[in-house]
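This briefing concerns the structure shown below.

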Amino acid sequence: MLLDEALLSPTVREDLLLFLMTNTILCAAALACFTWLARGLARLLGVSPALSLLVALLFGWMLLVSTNAWFFPRSNYSITLSTLDSALLGKILLGIFVALLVFVYIRVYGARHFSVLAGVLICGGFSLGLLSLSGAVSINATSKRNVIIIGVDSLSGDVFDRSLDLLPNLAQETVHATHYTRAYTPLGRTFPAWVSLLSGRSPSEHGAVFNLRNMDHVQKDGLLPAELRSKGYRAVFAIDERRFSNIDESFGFDQVVGPKPGVLDFVLQAPTDTPLNNLLLQTRLGRILLPYSYINSAAHTNYSSDGFVQSVLNSSTVDRPLFLAVHFESAHFPFKTRHARAKVQRENSFLAQQLEALTAVDHQVGQLMSGLRKKGMLDDALVLVLSDHGEGLGDVESVVMLDGQPVQISGFGHGANILSDRQNRIVLAATTYKNGRPVTSSSSVSEQVSLLDVRGAVEGYVRTGEFTLTPQDACLVVETGIRFHATSDYRTVSEVEIAQQAASYYEVDAQGRLRIREDRIGELLASKDIGLRCRDRITWYEAASQRILSVSLDEKGIPAQQQLPRDEDVARIVAYRNRYVH
């Protein structure tokens with residue numbers, strides 16, 4: 001049904017045609033190359049042209065597959081060589097291929113012609129190398145303060161605190177920071193969390209109540225990027241996975257860096273996984289020909305982590321003060337990456353997988369900070385490291401007695417359980433820079449804060465050069481996102497079941513982007529749990545039982561024991577919920 005809707009969009013039809021043309025041209029070019037080689041060998045060795053072509057094509061297939069397995073070990077094409085040393089085989093076959101090309105060319109056209117060809121190839125390669133440079137040219141420091149926000153998807157405050165030994169760049173970046181140890185997200189989903197940060201308002205106010213909410217119902221006026229642009233800033237948003245967040249230039253940004261958003265992002269990743277496409281996606285040409293897969297961490301087989309960072313750095317080469325918000329998605333479930341910097345062993349296998357993915361993100365953070373420092377962007381700057389939400393990985397976080405029965409606080413994912421510390425407590429650390437060096441001293445703030453408080457603190461820094469994050473309210477309204485049963489347990493998760501459960505809630509707009517159907521919004525809003533998180537307690541409306549509960553929190557924000565809900569808390573929850581259900 002969704003695909004039928006998608007094909008009504010001219011954008012989708014044009015992009016599908018581009019995809020088919022790209023793959024046809026790549027295959028034709030490879031076939032022409034190996035056919036030329038076969039003809040030359042047949043002519044020189046006096047063998048049958050048909051036999052020579054058969055051998056050349058078989059050799060070519062082995063060369064492509066082994067090279068693909070060497071560089072892209074998670075590719076489906078790499079399975080055929082999983083028992084072999086694909087890197088060694090790829091190097092051997094590549095060496096043989098180059099030697100054969102040189103041999104055939106010299107014997108057919110002569111050494112003189114080969115020297116001309118070699119000169120052309122060298123010059124061409126040099127030119128392509130220049131084109132692929134990051135553009136990380138140093139510029140003079142801007143006269144105004146730069147603001148850099150580094151977002152890491154699904155990084156809980158708990159995992160961050162316990163895993164800095166695996167994350168040297170994040171550790172280095174936050175060693176001089178002011179750490180907010182009781183920071184929370186109002187809604188554990190990427191799109192609502194970022195809009196909350198940019199607006200300083202709750203989801204019920206800004207309208208981004210779910211991922212992929214219809215953009216016509218999201219308040220985009222007066223956001224932080226537009227406010228900073230009015231002060232002379234260049235505003236850039238960069239994200240390397242846009243399946244669930246359609247943030248674009250209409251949110252006040254001069255530029256958005258990342259893959260092209262749309263329903264084809266969900267459709268084309270599997271057919272894009274071919275040896276030739278995988279190589280193409282490591283070049284800038286991939287941005288034009290394969291826009292849904294280029295620098296897309298969801299296309300984990302061929303995602304270029306370096307390419308994403310370089311694209312971000314390119315976007316920041318300006319002579320104006322910079323507001324740069326970067327969000328790294330590789331640590332999002334299913335935690336698959338070919339760029340992991342370490343092999344991690346943990347009793348919880350999902351935690352081990354996420355930590356491995358986080359080592360890839362950590363390396364990207366190091367590259368980004370190094371590039372920004374070379375550009376002079378840290379000569380006078382604020383750097384915020386934060387996460388949009390945490391991640392539940394199945395561990396039992398605590399046990400609470402509710403109505404006399406022990407209830408384990410555990411689960412998988414995010415935006416599903418507002419009692420979960422792992423899902424809702426985020427990373428938030430702020431460092432100010434002068435002359436490329438941090439000037440703040442490491443400190444911890446245990447006051448409860450949230451993403452809603454970031455905007456005001458950033459605006460204060462731009463005005464005064466001082467970063468002070470003050471909570472809007474002593475208590476924070478928190479809520480859940482869409483909860484499909486098929487996503488509730490990572491141990492049994494099935495993409496087919498997810499698609500079956502979710503499909504009827506979504507539609508495709510005229511631009512080919514996936515969005516929630518507005519005629520289903522009412523029932524989805526009614527299914528939300530909505531709570532009020534204060535420093536010492538959390539009170540919430542539980543949609544499943546249609547009642548309001550309350551538990552006390554210990555000093556770390558972990559649920560402790562059930563208590564009677566306070567009237568003032570109940571009143572705030574009811575008022576907030578009424579915005580949704582009426």
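**Structural briefing**

Helix α11, which spans residues 264-272, contains V267. The model discussed here is predicted. It comprises 20 helices and 22 strands, and one disulfide is present.

**The disulfide**

- The disulfide links C475 and C534, whose sulfur atoms lie 2.0 Å apart.
- The disulfide is right-handed, because the torsion about its S-S bond is about 110°.
- C475 sits in the loop between α17 (454-464) and β16 (476-479), and C534 in the loop between β19 (530-533) and β20 (537-542), so the bond ties together parts that are 59 residues apart in sequence.
- Both C475 and C534 are buried.

**Cysteines C27 and C33**

- The cysteine sulfur closest to that of C27 belongs to C33, and the distance of 13 Å is too far for a bond; the cut-off for a disulfide is 2.5 Å.
- C33 is likewise in no disulfide, with the sulfur of C27 as its nearest cysteine sulfur.
- C27 counts as partly exposed because its relative accessibility is 48%.
- C33 is also classed as partly exposed, at 29% relative accessibility.

- L88 belongs to helix α4, which covers residues 86-109.
- With 48% relative accessibility, L88 counts as partly exposed.
- Between L88 and T470 there are 57 Å in space, C-alpha to C-alpha, and the two are 382 residues apart in sequence.

**Overall fold**

- The protein has 20 helices and 22 strands.
- Its radius of gyration is 26 Å, close to the 25 Å given by the globule rule for 582 residues, so the protein is as compact as a globular protein of that length.
- Along the principal axes, the C-alpha atoms fill a box of roughly 95 × 55 × 45 Å.
- Of the 582 residues, 53% count as buried.
- Among contacts between residues at least 6 apart in sequence, 69% join residues at least 24 apart.
- The protein exposes about 25400 Å², of which carbon and sulfur atoms supply 57%.

Notes. Residues numbered from 1 in each chain as written. Predicted model: local features only at pLDDT ≥ 70, side-chain atom pairs only at ≥ 80, totals over all residues. Heavy atoms only, no water. Helix = DSSP H or I, 4+ residues; strand = E, 2+ residues; numbered from the N terminus. Buried < 20%, exposed > 50% of the residue type's maximum accessible area, 1.4 Å probe, protein only. Rg over C-alpha atoms; globule rule 2.2 N^0.38 Å. Contact = heavy atoms within 4.5 Å. Areas by Shrake-Rupley, 256 points an atom, 1.4 Å probe, with all protein chains shown as cover.
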